[in-house]
Amino acid sequence: MLKSLNTTKFISIAILSTVLFGCATQMAPVKERQSQVSLVTATLSGSQYLADAAQATSSEQRDRLMLLAAHAFINQGDTANATNALASIKGSLTQKPELVAEHKYLTARVLELTSTFDDALAQLNYPSQWRLADWQMVSYYKLKARLYQLTKQPIEQARQLSLLSKHLPASEANEVSDQIWRILQPLHEQTLLSFSQDTSNPIFQGWLQLAYIAKHYAIDPQILVQHLGNWQHDNPRHPGAIKLPTDLERAINAKPYKPKNIAVLLPLTGPRAAIANTVKQGIISSYFANPDDSVSVNFYDSAIGADIAYQQAVDAGAEFIIGPLLQSEVETLLQAQQSSSSATSDDKKPIIPQLFLNNVDNITADQDQFFFALSPIDEAIDAAQKLFDDGITAPLLLASNDSIGQRMAESFNQKWQSLTQQAAEVHFYNSGDEMKVTVQKSLGVIDSKERIARIKALLGSKVEADFRSRRDIDAIYMIANNQDLPLLKPFIDVNFSVFAEPVPLYTTSRSRIESNSRASAQELNNLTISDIPWLLQPNSETAEVEQLWPTWSNSQKRLYIMGYDALELVSKLAQMRALPGYQYSGRSGLLSASPNGTINRQLSWGRYQRGNLRPI
């Protein structure tokens, strides 16, 4: 009480003195000393804030200046001084939510740079009763969203962004809504459905419901509109109800293909007829799995010329065309169609919606043209994403020294660099004895053995030593065929030092051995392999195909499934292109469409364990 009275007295005298002094003389304006130090931005250097803190007149002012110093040091990349500044006030920090929150936030920023992202996230646990300014909540949720992104937790990342949007002006909130939508689009609909049961955050729950509806009903615009209407009625103030995501609006307005006359262009004669026949059998099986008397499927032999077969299909009234299969045939048809599109209006021919069964480079396709292929390039890209999602940071690639191996390695590396901004280490092997040497070189075994030999030369042959293999890689991705793999994997196994923990091994469907014997699979234990889902989970369909065509290899079965999925895709393609997040669970993979019409495949993965290949 005495302190309070003295303070009041001092202030009164100060004010009176100022007034009297002001009446007597005309003074130059005195810069008013700011009593409250704002924490919003740190515009000065860290050392300047430290100097100001040394002159602080109160403990709270000192704390604020020290927090600003830490903030400035972080901006300068000086995490050591930022840590020191935060540590110096941690024990005596003024217990105001604004200051405590800022201390936690800055501590998390430092940990993000110096420790694990999980350590940083552990700091960000503001009590719900705190009432903080919008700028502070914006910083809080932005940092949490970024950390969840870095730890590959898209659901939590989207949840934090939905909380962030409540503290932003409308224009910025719309941008965050688009970001939330992009994050939720790639997620599987069952994931969306399971998390949408959480009612603790209605805005986030609404986004999950909307994303699920978009995926589940995208195939039929009429049903999609009906469910969207119901959702908007139940969530009238939700950001997604006020303004539907752009691609969802496109999907509603996209007209699905419903052809009654489907033409299929395949090389039914000649050297590629056997390959084409497996695709044809897949299309026929797909048709009879869902028979429709109003729809006809007719096959045309592209071996006589893809353009001739195409014209035959057009003359027969085809409303949708599947094929051709060979890349050269696809290029021939595209060139002919592009020439037609550039002709005068009298000579221009309408483009019939078409699903090509191969890819070409530098696609500039029409809006009604799509490309579906079992491309090894796509498989390598998918593998890079898989390793990244598994937390791999330093993969080593062992690829066959041929055109497929080189293309797959290049595609893997491009994708890996886009994900990590770092190149993967690639070694190409030749068959025979050179394969063993390549493995030993890539694992550093040869260098180790040479060091041992030099030591023995110096100290005598009685020195006992074992070779060491590298410890700076955390996975090996093998791009090999199924003849090389049974040799390549044992070479890797025996060239891993007993002092090093074996790293996970990944490979492609090209490596999959044809034998179903347990003894052969036993040699591949702990190997993770990609393949089409249909070949990783045996069922009645796989048993039936095995019975009908017992001599078919796995490659032929994949082509059969490509034909099967191709017919299934026809009615879904328009919506897939309009809504990039729409994924169809086909037998050949999780399928989606790029804006240029390319059908992307996300493969399934399995692992050899105890002599069996099991899906994971």
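Predicted model: local features only at pLDDT ≥ 70, side-chain atom pairs only at ≥ 80, totals over all residues.
Residues are numbered from 1 along each chain as its sequence is written, and side-chain values use heavy atoms, with hydrogens and water left out.

**Figure 1. Overview of the chain.**
The chain has 27 helices and 15 strands. Helices (H or I, at least four residues) and strands (E, at least two) are DSSP runs, numbered from the N terminus. Of the 616 residues in the chain, 47% are buried. Buried means under 20% relative accessible area, exposed means over 50%, and partly exposed lies in between (1.4 Å probe, protein chains only). The chain exposes about 31,600 Å², and carbon and sulfur atoms supply 52% of this area. Accessible areas come from the Shrake-Rupley method with a 1.4 Å probe; for residues, only the protein chains shown count as cover. Among contacts (heavy atoms within 4.5 Å) between residues at least 6 apart in sequence, 67% join residues at least 24 apart.

**Figure 2**
Three strands form an open sheet in the order β11-β12-β13, with antiparallel pairing. Two strands pair if DSSP finds at least two bridges between them. β11 (584-586) and β13 (599-602) stand at the edges with a single partner strand each, so one side of each has no neighbour in the sheet. On average, neighbouring strands of this sheet are turned by 35° against each other, direction ignored. Strand β12 (residues 589-593) is joined to β13 by four bridges, and A593 stands opposite I599 in β13. Helix α26 (residues 554-569) lies across β11, β12 and β13 and runs at about 150° to β11. Axes are lines fitted to C-alpha atoms, for helices over the stretch in contact, and angles run from 0 to 180 degrees between N-to-C directions.

The structure holds 13 salt bridges, each a side-chain nitrogen of Lys or Arg within 4 Å of a carboxyl oxygen of Asp or Glu. One of them joins the side chains of E60 and K96 (3.0 Å, N to O). E60 is buried at 17% relative accessible area, whereas K96 is partly exposed at 36%. R64 forms a salt bridge with E98, with the closest N and O atoms 2.9 Å apart. R64 is buried at 2% relative accessibility, and E98 is partly exposed at 26%. Salt bridges that share partners join E60, R64, K96 and E98 into one network.

**Figure 2. The salt bridge between D63 and R62.**
The side chains of D63 and R62 meet at 2.6 Å, N to O. D63 is buried, with a relative accessible area of 0%, while R62 is partly exposed at 27%.

**Figure 3. Helix α7 and what covers its buried residues.**
Helix α7 (residues 134-150) has 17 residues. From first C-alpha to last, α7 reaches 24 Å, close to the 24 Å expected at 1.5 Å a residue. The expected span of a helix is 1.5 Å times one less than its number of residues. Buried residues of α7 include Q136, Y140, L143 and L147. An α-helix has 3.6 residues a turn, so residues three or four places apart point the same way. The cover of the buried residues of α7 includes α5, α6 (117-123) and α8 (154-164). K152 follows α7 and has a positive phi, near 60°.
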